[in-house]
2 protein chains.
Amino acid sequence: MKHVAALAGVGIKTVSRVINEEPNVAPDTAARVWEAIRALDYHLDMQAGSLRRAGGRTHTLGLLVSSVDNPFASTIHRAVEDSALEHGVAVFASSLDDDPEREDKAVAAFLRRRVDGLILTTASPAQNYLSSTAGRGMPVVFVDREPASTAVDSVVSDNRAGAATATAHLIRHGHRRIALLTDRLRIQTAAERQRGFFDALGAAGIPASEVQVVTDLYDADGSEAALAGLLASPEPPTAIFSAQNLITIGVLRALRAAGRERSVAVVGFDDFPLAGLLDPGVTVVAQDPYRIGRLASERIFRRLSGEVVEPERVLVPTRLIERGSGELGPS
Amino acid sequence: MKHVAALAGVGIKTVSRVINEEPNVAPDTAARVWEAIRALDYHLDMQAGSLRRAGGRTHTLGLLVSSVDNPFASTIHRAVEDSALEHGVAVFASSLDDDPEREDKAVAAFLRRRVDGLILTTASPAQNYLSSTAGRGMPVVFVDREPASTAVDSVVSDNRAGAATATAHLIRHGHRRIALLTDRLRIQTAAERQRGFFDALGAAGIPASEVQVVTDLYDADGSEAALAGLLASPEPPTAIFSAQNLITIGVLRALRAAGRERSVAVVGFDDFPLAGLLDPGVTVVAQDPYRIGRLASERIFRRLSGEVVEPERVLVPTRLIERGSGELGPS
DNA sequence: CTGAAAGCGCTAACAG
DNA sequence: CTGTTAGCGCTTTCAG
């Protein structure tokens, strides 16, 4: 910048004014400065700037998700990026693999880089870093999962209602012997979905003794093996509610292997690509990850703009998509 | 940091030494400093540090891909992140939507943030920013697509050989009336795949007049419509080589709609989730995006560590996965 | 409209 | 083993 000022024959502050498009610069002075900038191929150093800038803003956001290559997470990522771009903000992304230790480390790494805000899918039972961030006035919004603490912003799918919808749909098609296949219940979304499952059973007067629940599933292989076991039992379920993406895939594989894909009904939580191309098409309760990401970053930017708002829990509705597998009756 | 030094009763430089784990600090001094750090919930400001640090390293990397929510790109992203984590480096990601203007802007945004290196899927015919980055000594590695300029690092799939393998596979199963469905040929990967297609035809002595080529396809809808047209023609193809992900999906939809999924062979370029669950399973030439991301970031870090290496073009092999659709004979 | 001076939080270089 | 000084590139403040 010094060099640009020298070449343009102006003071360093004038260069600063020009490049930041501040007012009070004569048009021809500005032109001379732009020319020098181009001639020297100069690029502003925002890092140095944020050192002195009021509020120390770095125009940077941190996004923490289960994994950047998970479709649900990467759609959130895209939404956050789109929103950030409108504000001239760049996005750091980090994968947590549902590991609380990794979460702490990743948050610390972002704190050291002085991000302006944090959007995150927490994996921890407790968010110790909240004191550091809150103390610094850094806005934090939780997505997909809610933290233990209550006075924070969060944007999550309506897991409980969605699961109830899925289960009620199966009941409406005549099923009673329904199996729930789900993740580790310490994960908040899994617990909510289980609650929704039982909500719908209760509303229909189906006793818990008639259904089967398998928990602690987290990948397709485990889920496939679990369902294979159920199918081989004396009283196999006539319908499955699979409470997560990968679990649904395992379910489909197990049904296919047993030749039962047209005789056992399936509704999955969370949509996935090609669900409609399978035979039968897979009925799902779809989430809206783009909307979740959008709402989360809009909230961050609202806080950054100085607006004082009460912490809020935003529930994003889910949508049942009927494709065939959920409309099969009990055999 | 000043405050930490005061609280611990040491000089500011000692705090710097402790937090950066530099040698030559007495154990009990270090302990006192750590305690103060914890008490004040202090987090180092890396931005300020990089201002003075030798080489001005920010421990930050920029990743530019078509879109962060594209599965191929997000697998690369994950690989880069894993590699970066080992080096204590954070990753900025940005989506380009194959828009050259957006590419320029995104690179400029990363330059302003002084990233240590850039990994990118270029969409531009020319990379004007290369002079800025190279001049600054910033390492750049291209992935998936190669730039116009030659003296740069790149890591790409062996598109030509992969396409030839796919085509030869169809020929081996008795097909001659094969259709190529592909993207805009100005995209370098599409052009390479078309070359591979003709390589295999040439090797088998099949004249170009026997095959059909449809280009400028970029989404599933367009591809579905295009194939519907071909199937309705007097001499429909007996086999399809679909040169890209979304195009393959359109192909599958068109075949399904026409009830031809068991009579027309298909090989797709690029694997996708659930390809094995469809009926018939979809034979593909799979790429290895994780490996591409790994190799690219390892090259960045090798350059950052000061190693001087010749710019190199790394070709990552593809792999044919037979699942059924590619093994159907001509009817 | 323009510029000079101070200082953001840190690390390099050097002195003790 | 420890502390002092200077200065990274910028923005703020204030004086012309």
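## The sheet of chain A

In this predicted model, chain A holds an open sheet of six strands in the order 7-6-8-9-10-12, with mixed pairing. Strands here are DSSP runs of type E with at least two residues, helices are runs of type H or I with at least four residues, and both are numbered from the N terminus. Two strands are taken to pair if DSSP finds at least two bridges between them. Strand 7 (212–214) and strand 12 (319–321) of chain A form the edges; each has a single partner strand, so one side of each is left without a neighbour in the sheet. From one strand to the next, the twist averages 15°.

Strand 10 (residues 283–286) and strand 12 of chain A run antiparallel and are joined by three bridges. Within strand 12 of chain A, A:Arg319 stands opposite A:Ala286. Helix 8 (residues 159–172) of chain A lies across strand 6 (178–181), strand 8 (239–242), strand 9 (265–269), strand 10 and strand 12 of chain A. This helix 8 runs at about 170° to strand 9 of chain A. Such angles run from 0 to 180 degrees between N-to-C directions, with axes fitted as lines to C-alpha atoms, for helices over the stretch in contact. Contact means heavy atoms within 4.5 Å.

## The sheet of chain B

Chain B also has an open sheet of six strands, ordered 7-6-8-9-10-12 and with mixed pairing. At its edges stand strand 7 (212–214) and strand 12 (319–321) of chain B, each with a single partner strand, so one side of each is left without a neighbour in the sheet. The twist from one strand to the next averages 15°.

Strand 6 (residues 178–181) of chain B runs parallel to strand 8 (residues 239–242) of chain B, and four bridges join the two. In this pairing, B:Leu180 has B:Phe241 in strand 8 of chain B as its bridge partner. Helix 10 (residues 220–232) of chain B packs on the sheet and touches strand 6, strand 7 and strand 8 of chain B. The direction of helix 10 makes about 160° with that of strand 6 of chain B.

## Relation of the two chains

Two copies of a chain are related by a rotation about an axis and a shift along it. The same surface serves both copies, as 100% of the contact residues of chain B recur in chain A.

## The surface near DNA strand C

DNA strand C is surrounded by 24 residues, of which the closest are A:Thr14, A:Thr29, B:Met1, B:Ser16 and B:Tyr42. A residue is near a strand if one of its heavy atoms lies within 4 Å of it. Of the atoms of DNA strand C within 4 Å of the protein, 58% belong to sugar or phosphate and the rest to bases. The residues of this surface divide into ten nonpolar, seven polar and seven charged. In this division, Ala, Val, Leu, Ile, Met, Phe, Trp, Tyr, Cys and Pro count as nonpolar, Asp, Glu, Lys and Arg as charged, and the others, Gly among them, as polar.

Phosphate oxygens of DNA strand C lie 2.8 Å from a polar backbone atom of A:Ala26 and 3.3 Å from a polar backbone atom of B:Met1. The largest share, four residues, comes from helix 4 of chain B.

## The surface near DNA strand D

Around DNA strand D there are 24 residues, the closest being A:Met1, A:Lys13, A:Tyr42, B:Thr14 and B:Thr29. Sugar and phosphate account for 57% of the atoms of DNA strand D that come within 4 Å of the protein. Helix 4 of chain A gives the most to this surface, with four residues.

A backbone N or O atom of B:Gly11 lies 2.8 Å from a phosphate oxygen of DNA strand D, and a polar side-chain atom of B:Thr29 lies 2.5 Å from a phosphate oxygen of DNA strand D. B:Arg52 has a polar side-chain atom 2.8 Å from a base nitrogen of DNA strand D.

## Basis of the values

Residues are numbered from 1 along each chain as its sequence is written, and chains are lettered from A and ligands numbered from 1 in the order in which they are written. In this predicted model, local features need pLDDT of at least 70, side-chain atom pairs count only at pLDDT 80 or more, and totals for chains, interfaces and linings use all residues, while side-chain values use heavy atoms, with hydrogens and water left out.

Notes. Polar contact = N/O pair within 3.5 Å; in protein donor to acceptor, adjacent residues only side chain to side chain.
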